[in-house]
Amino acid sequence: MTAAKRESKKKSVTNEVVTREYTINLHRRIHGVGFKKRAPRAIKEIRKFSEKMMGTPDVRIDTRLNKFMWSQGIRNVPFRVRVRLARKRNEDDDSPNKLYTLVTYVPVTTFKGTQTVNVESE
């Protein structure tokens, strides 16, 4: 298969505005990280996960999610977190990216049986 044919088959994922809910296992992502770097690394890992899933380099983390991540201190980061990733159009005209990803916290009582869900935009 030639490169041109491969390009036409690959659907452009980043053009559409979409919202999804994911459960991120932070426990495995910050395993082996020193105590004083755990919460900052967890935020970086959420940013990295969002960039990979949504395909946008511009990732914005909501303050409620940040507060939840830091709620147990710098050392005791929650093992899992449920997040809503919303790919949105960028209103800034001078921004190099057309889209950005907004990451918000979704409170859940249990993570049992939760799967990735497409959410209808408001």
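Residues 24 or more positions apart account for 69% of the contacts in the chain with a separation of 6 or more, where contact means heavy atoms within 4.5 Å. The model is a predicted one, in which local features need pLDDT of at least 70 and side-chain atom pairs count only at pLDDT 80 or more, while totals for chains, interfaces and linings use all residues. Residues are numbered from 1 along each chain as its sequence is written, and side-chain values use heavy atoms, with hydrogens and water left out.

**Overall layout**

The chain has four helices and five strands, which follow one another from the N terminus in the order α-β-α-α-β-α-β-β-β. Helices (H or I, at least four residues) and strands (E, at least two) are DSSP runs, numbered from the N terminus. Of the 122 residues of the chain, 33% count as buried; here buried means under 20% relative accessible area, exposed means over 50%, and partly exposed lies in between, with a 1.4 Å probe and protein chains only. The accessible surface comes to about 8,500 Å², and 49% of this surface belongs to carbon and sulfur atoms; such areas come from the Shrake-Rupley method with a 1.4 Å probe, and for residues only the protein chains shown count as cover.

**How the strands pair**

Two strands are said to pair if DSSP finds at least two bridges between them. The pairings described here are set out in the table, with one pair of facing residues for each.

| Strands | Sense | Bridges | Facing residues |
|---|---|---|---|
| E1 and E3 | antiparallel | seven | Thr-19 and Ala-86 |
| E1 and E5 | antiparallel | three | Thr-19 and Val-119 |
| E2 and E4 | parallel | three | Val-59 and Thr-101 |
| E3 and E4 | antiparallel | seven | Lys-88 and Tyr-100 |

Thr-101 lies in E4 and counts as buried, because its relative accessibility is 0%.

**The nonpolar core**

In soluble globular proteins, nonpolar side chains tend to be buried together. A nonpolar core is a set of buried Ala, Val, Leu, Ile, Met, Phe, Trp, Tyr and Cys residues joined through side-chain atoms within 4.5 Å. Which residues have the most contacts inside the largest nonpolar core? They are Leu-26, Ile-46, Met-69, Val-81 and Val-83, in a core of 20 residues. Strand E1 (19-25), helix H3 (38-54), helix H4 (63-69) and strand E3 (80-89) each supply at least two residues of this core, and H3 gives the most, with six residues. Once its neighbours within four places in sequence are left aside, Leu-26 is in contact with residues including Ala-42, Ile-46, Met-69, Val-77 and Val-81.

**Aromatic rings and charges**

Rings of Phe, Tyr and Trp (its six-membered ring) pair if their centres lie within 6.5 Å, and planes under 30 degrees apart count as stacked, over 60 as edge-to-face and the rest as tilted. By this rule the count comes to two aromatic pairs. Tyr-22 and Phe-49 form an edge-to-face pair, at 5.4 Å centre to centre and with 85° between the planes. This pair links distant parts of the chain, since Tyr-22 is in strand E1 and Phe-49 is in helix H3, 27 residues apart. Both Tyr-22 and Phe-49 are buried.

Phe-68 and Tyr-105 form a stacked pair, at 4.3 Å centre to centre and with 20° between the planes. Phe-68 lies in helix H4 and Tyr-105 in strand E4, so this pair ties together parts that are 37 residues apart in sequence. Phe-68 counts as partly exposed, at 22% relative accessibility, and Tyr-105 counts as partly exposed at 26%.

A charge sits over a ring if NZ of Lys or CZ of Arg is within 6 Å of the ring centre and within 35 degrees of the ring normal. Arg-60 lies over the face of Tyr-100, at 3.8 Å from the ring centre, and Arg-75 lies over the face of Phe-35, at 4.3 Å from the ring centre.
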